[in-house]
Amino acid sequence: MLIIENLHKSYGDKVLFDDISCTIADNERIGLIGVNGTGKSSFLKVIAGIDSPEKGNLKHAKDYRIEYLAQDPILDPNLTVIDQIYYGEATIMKLMRAYEAALLKLQEDAENSAYQQELMRLQQKMDEAEAWEANTAAKTILTKLGITDFGKKVTELSGGQQKRVAIAKALIQPADLLILDEPTNHLDNETVEWLEKYLQSYKGSLLLVTHDRYFLNRVTNRIYELDKGNLYIYEGNYEMFLEKKAEREALEVSNEQKHQNTLRRELEWLKRGAKARTTKQKARIERAEEMKKETFDTKKDHLAFQVGSTRLGKKVIELKSIGKTYDVTTLLHDFSYLVVPGERLGIIGANGSGKSTLLNIMANRVEPDEGEIEIGETVKIGYYTQGDEELDGSMRMIDYIKEVAEVIHTKDGQVITAEQMLERFLFSRAEQYNYIRKLSGGEKRRLYLLKVLMTEPNVLFLDEPTNDLDTQTLSVLEEYLDHFPGVVITVSHDRYFLDRVTDRLLVFKGQGRTELFQGNYSAYLVQRQLATSTVHKTEKAIEKPKKQKKKLSYNDRREWEHIEDQIMELEGKVEALQQAIIDAGSDSEQVQKLYGEQQETEAALEKKMERWEELSMLVEEMENQ
């Protein structure tokens, strides 16, 4: 159990958390939410011991272990993948590091007797520590996350692959509390689904920040909300949080109304000229003064706005036989697509399959290798890119927005100033003159999103818009897109966002292949599961035709007499090979060889079982005759 008492921390003149307390018990699943800039990442860092509070304490047992995955993890560039994930001072981690090093030495010099003896000694240690399961789990997790070359140096990996190694590293460490800051960022949909299922059975406690609301809903059983320095705790998942927060806000409004009514009566009593001579009268006057000072948090921050967009004609974008290849990887091949007015298209697929490249081609930022693109004369593209736009930290927020427009116009012809828009994006008038360098990463993304929408586009390209935005901002962006009259095309791995915003999906299948699906992401998942189920049922339904025999031949009788002994012998061989694979540990070459033998033996066993069934039916038929 981890006990957090009276934590206080500020950033400049902004209070992030003000004397907050909570307890994290065994096997809890906590989701931390709040608007960007409220201090979520700071809260995680304080609990992980990376940052210090100005006041407050953390109490836990001496052997209490906390593992922390940063939003942008930093790995040692000189280490290999396998060395990187076996870091730490835990005994089992040290042992696995030593074993992998000894295995590598022996692979380089197989005849060295000293290396052989060292490996045997470490294999015995691995047996004693029951470390083989952890060793296998580490490599399984890496494989599930798309990392298969364990000997690669970290510097040879892409940014997305490095994030996956960091996730694997965090998942396999022995920990009482696992802290994850935006673990789903930059992961494709299938990997997010795997991580979601993995964490549901995680043995320790979880504390995580994520914008993925399906992920939050399915993994957590308690929600912490950071709001204006306060910590509110809700039992249940994200769905329960939404219900209970609405109840809390309604209660706050009711309490404020009761307070105002009581205060009004007290003030009326004072105005009637009450004489302040008795103790009772003095107490009432003091009470009225105190009530004047009391405040209630009933002002709801919101981003609701209905910005108009430039008129869009019938011709939007048409792609004709587009082809694009990078190095030897084909991203698009003979791809044609017609974007129509009102389109709501989601683009999904594995990382590196060409999703962002397609958006860049549509926006005329990247030239295709072949084919042509036609863009309508009235098209005005607003492009929210995946990577952080280089925001000038020396600029003030208000000046950054006014570079785009001093005012914008709503659908009904009203004028909204840049200051008013910033307010609706949760930047108060006082904050608007702060320098951009003082903003958190999420606040910078929110400011950048506002800048894109301030251009009043009629075609919106959104490349991973949910990364680094808080759930409240995403909810309002979705509401805005509901009423947006133009075209929306988004690349996203956020299943909730795709369900809310899109009604058609373009699925990148790899090697330049794409598939168009009518419906949102949940409907696509159902269709995919049905297709998989149908294939399995079809395969099961297809049976090999069996030869019907009237009687057993001499050879059949001889075969029937010995077939059960042969089956038992093959079963024993399979068991022996399975044990040999376990004993081989991390010797991938030996494991591969043994696994091949196991598959051949199992195939022979299956064939022998089928033959036993045929003969037994014949024997039974003969006996019945």
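This is a predicted model: local features need pLDDT of at least 70, side-chain atom pairs count only at pLDDT 80 or more; totals for chains, interfaces and linings use all residues.
## Strand pairing around S19

Two strands pair if DSSP finds at least two bridges between them. In S20, Glu515 is the bridge partner of Val507. The two strands run antiparallel, and six bridges join S19 to strand S20 (residues 513–518). They form a hairpin with two residues between the strands. Within this hairpin, Gln511 takes a positive phi near 55°.

S19 also pairs with S12. Strand S12 covers residues 344–349 and strand S19 covers residues 504–510. Their pairing is parallel and spans five bridges. Gly349 stands opposite Phe508 in S19.

## Leu345 in strand S12

Where does Leu345 sit? Leu345 is found in strand S12. Its relative accessibility is 0%, so Leu345 counts as buried.

The contacts of Leu345, leaving out residues up to four places away in sequence, fall on several stretches of the chain. Thr502, Arg504, Leu505 and Leu506 are among them, and so is Leu516. Tyr337, Val488, Ile489 and Thr490 complete the list. Thr490 is 145 residues from Leu345 in sequence. In space, the two C-alpha atoms are 6.4 Å apart.

## The whole chain

How many helices and strands does the chain have? There are 19 helices and 20 strands. Of the 625 residues, 44% count as buried. Contacts between residues at least 6 apart in sequence were also counted; 69% of them join residues at least 24 apart.

## A three-stranded open sheet

S11, S10 and S13 form an open sheet in the order S11-S10-S13, with antiparallel pairing. The edge strands are S11 (329–339) and S13 (370–375), and each pairs on one side only. Neighbouring strands of this sheet are turned by 20° against each other on average, direction ignored.

Strand S10 covers residues 317–326. Five bridges join S10 to S13, and the two run antiparallel. Helix H11 (residues 355–362) lies across S10, S11 and S13. H11 runs at about 130° to S10.

## Helices H3 and H5

Two packed helices are described by the angle between their axes and the distance between the axes. For helix H3 (residues 91–108) and helix H5 (residues 132–144), the axes come within 11 Å. They cross at roughly 75°. Angles of 65 to 115 degrees count as roughly perpendicular. H3 and H5 are therefore roughly perpendicular to each other.

## A coiled-coil entry in UniProt

UniProt lists residues 105–135 and 560–625 as "coiled-coil region", in an unreviewed entry. In the model, the chain over residues 105–135 is 81% helix and 0% strand. The end C-alpha atoms of this stretch are 18 Å apart.

## Helix H1 and the residue after it

Helix H1 covers residues 40–48. Its buried residues are Lys40, Ser42, Phe43, Leu44, Val46 and Ile47. An α-helix has 3.6 residues a turn, so residues three or four places apart point the same way. Just after H1, Gly49 takes a positive phi of about 85°.

Is Glu443 buried or exposed? Glu443 counts as buried because its relative accessibility is 8%, and the cut-off for buried is under 20%. Glu443 is found in helix H14 (residues 441–454). Not counting residues up to four places away in sequence, Glu443 touches Lys14, Asn36, Gly37 and Phe427.

Gln84 lies in helix H2 (residues 81–85). With a relative accessible area of 3%, Gln84 is buried. Leaving out residues up to four places away in sequence, Gln84 touches Leu75, Asp76 and Leu79, and also Val154, Val165 and Lys169.

Key
Residues are numbered from 1 along each chain as its sequence is written. Side-chain values use heavy atoms; hydrogens and water are left out. Axes are lines fitted to C-alpha atoms, for helices over the stretch in contact, and angles run from 0 to 180 degrees between N-to-C directions. Helices (H or I, at least four residues) and strands (E, at least two) are DSSP runs, numbered from the N terminus. Angles under 35 degrees count as roughly parallel, over 145 as roughly antiparallel, 65 to 115 as roughly perpendicular and the rest as oblique. Buried means under 20% relative accessible area, exposed over 50%, partly exposed in between (1.4 Å probe, protein chains only). Contact means heavy atoms within 4.5 Å. UniProt positions are given in the numbering used here, feature names are shortened, and annotations may be inferred rather than shown by experiment.
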